[in-house]
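Please read the following report alongside the sequence and the coordinates shown here.

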Amino acid sequence: MTTKINFNGEIFDELSISVMDHGFLFGDSVYEVVSTLNNQPCFLDKHLDRLNNSAQAISLKIPRDRGWFREQLKSTLVSAGNEESYIRIIVTRGIGEINIDPSSCANPNIILIVMDVTKYSESFYEKGIQVALVSIKRNPLDSLNPNIKTGNYLNNVLAKMEAEKLGAQDAIMVNPWGYLTEGTTSNLFFVCEGHILTPSMECGILSGITREIIIQLAKENGFHIEEGKWPGAELLKADEIFLTGTIKKVMPVSHLDGRPVGTGKPGPITLNLLRLYDDLLTKKV
Ligand code: PLP
């Protein structure tokens with residue numbers, strides 16, 4: 001149960017960071033969450049690609065290359081010595097003046113948090129979770145584009161709080177035009193009459209690494225899968241709903257707005273994809 005924190009290449013048990021870091025002051029940072037198998041990072045190249053894309057999108061120049069990240073992660077994972085780890089990679093704008101202009105921040109900070117992973121309990125996968133369609137909207141593309149994974153998650157925090165008030169474990173957000181987008185930290189899939197449907201990038205979502213893999217697995221295994229635009233009400237017709245994410249993997253949804261989805265139990269397509277995803281993970285690492 002060890003946590004180690006790598007700060008710009010030095011490993012600590014605990015870390016304090018300046019309150020003048022714009023990551024703290026304004027959420028001016030980018031990040032990734034990476035899971036492990038046999039304590040080796042899963043899909044690390046894809047995560048580092050997305051980290052670079054997010055940084056580029058906010059004109060944040062990451063001062064280290066991919067090789068540096070690989071090396072530092074390796075030594076931090078060894079130092080933590082967990083059976084499996086939760087890895088968070090954060091790059092902040094760095095310390096600057098106490099105003100929103102990032103030009104005073106000369107040195108981005110790189111933080112790698114490695115901790116013992118808290119996996120979702122088996123009962124979540126056996127029973128499914130409850131979600132609610134909330135009133136908080138996912139940011140539109142021309143605002144803070146949801147495809148940039150920044151440290152500014154307050155919109156999603158508000159959505160999660162609304163879901164909890166409604167008695168659900170997670171929220172599904174629509175965009176300002178009423179089209180389905182995603183969960184607070186996961187992508188959304190639903191099944192209608194045997195077809196797997198998932199909101200397209202133009203709806204305003206994060207291009208989830210698990211989402212990409214699920215789309216590919218579904219295609220390779222003969223499922224009909226479609227990316228598109230669907231109004232929130234379409235979800236009420238779904239026979240199955242599931243969420244995808246690095247730690248969640250493929251999480252079945254049993255109830256939407258307090259009503260059972262299909263039979264109220266994880267559906268066959270969801271369980272099939274969860275199995276295919278687990279098989280792929282064990283083959284890949
Ligand atoms: N959507 C949002 C808003 C997220 O924050 C995340 C993950 O944190 C995802 C989707 C799922 O992405 P991934 O599968 O890469 O973990």
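Helix α2 is followed by S59, whose phi is positive, near 55°. The model is a predicted one, in which local features need pLDDT of at least 70 and side-chain atom pairs count only at pLDDT 80 or more, whereas totals for chains, interfaces and linings use all residues. Residues are numbered from 1 along each chain as its sequence is written, and side-chain values use heavy atoms, with hydrogens and water left out.

Helices (H or I, at least four residues) and strands (E, at least two) are DSSP runs, numbered from the N terminus. Helix α2 covers residues 44-57, and its 14 residues reach 20 Å from the first C-alpha to the last, close to the 20 Å expected at 1.5 Å a residue, where the expected span is 1.5 Å times one less than the number of residues. L44, H47, L48, R50, L51, S54 and A55 of α2 are buried. They lie on the same side of α2, because they cover an arc of only 160° around the axis, the arc being that of the directions from the helix axis to the C-beta atoms. Buried here means under 20% relative accessible area, with exposed over 50% and partly exposed in between (1.4 Å probe, protein chains only). The buried residues of α2 pack against β3 (29-37), β4 (40-41), α3 (66-80), β5 (85-92) and α6 (209-220), contact meaning heavy atoms within 4.5 Å.

Two of these partners, β3 and β4, run antiparallel and are joined by 2 bridges, and L37 stands opposite Q40 in β4. Two strands count as paired if DSSP finds at least two bridges between them. An open sheet of 6 strands has the order β2-β1-β6-β5-β3-β4, with antiparallel pairing. Its edges are β2 (10-12) and β4, each with a single partner strand, so one side of each is left without a neighbour in the sheet.

Strand β10 (residues 187-192) is mostly covered, with 6 of its 6 residues buried: N187, F189 and V191 are on one side, and L188, F190 and C192 on the other. Its pairings are listed below.

| Partner of β10 | Bridges | Sense | Example of bridge partners |
|---|---|---|---|
| β13 (residues 240-245) | 5 bridges | antiparallel | V191 and E240 |
| β11 (residues 195-199) | 3 bridges | antiparallel | F190 and L197 |

β10 and β11 form a hairpin with 2 residues between them, and E193 in the turn has a positive phi of about 45°.
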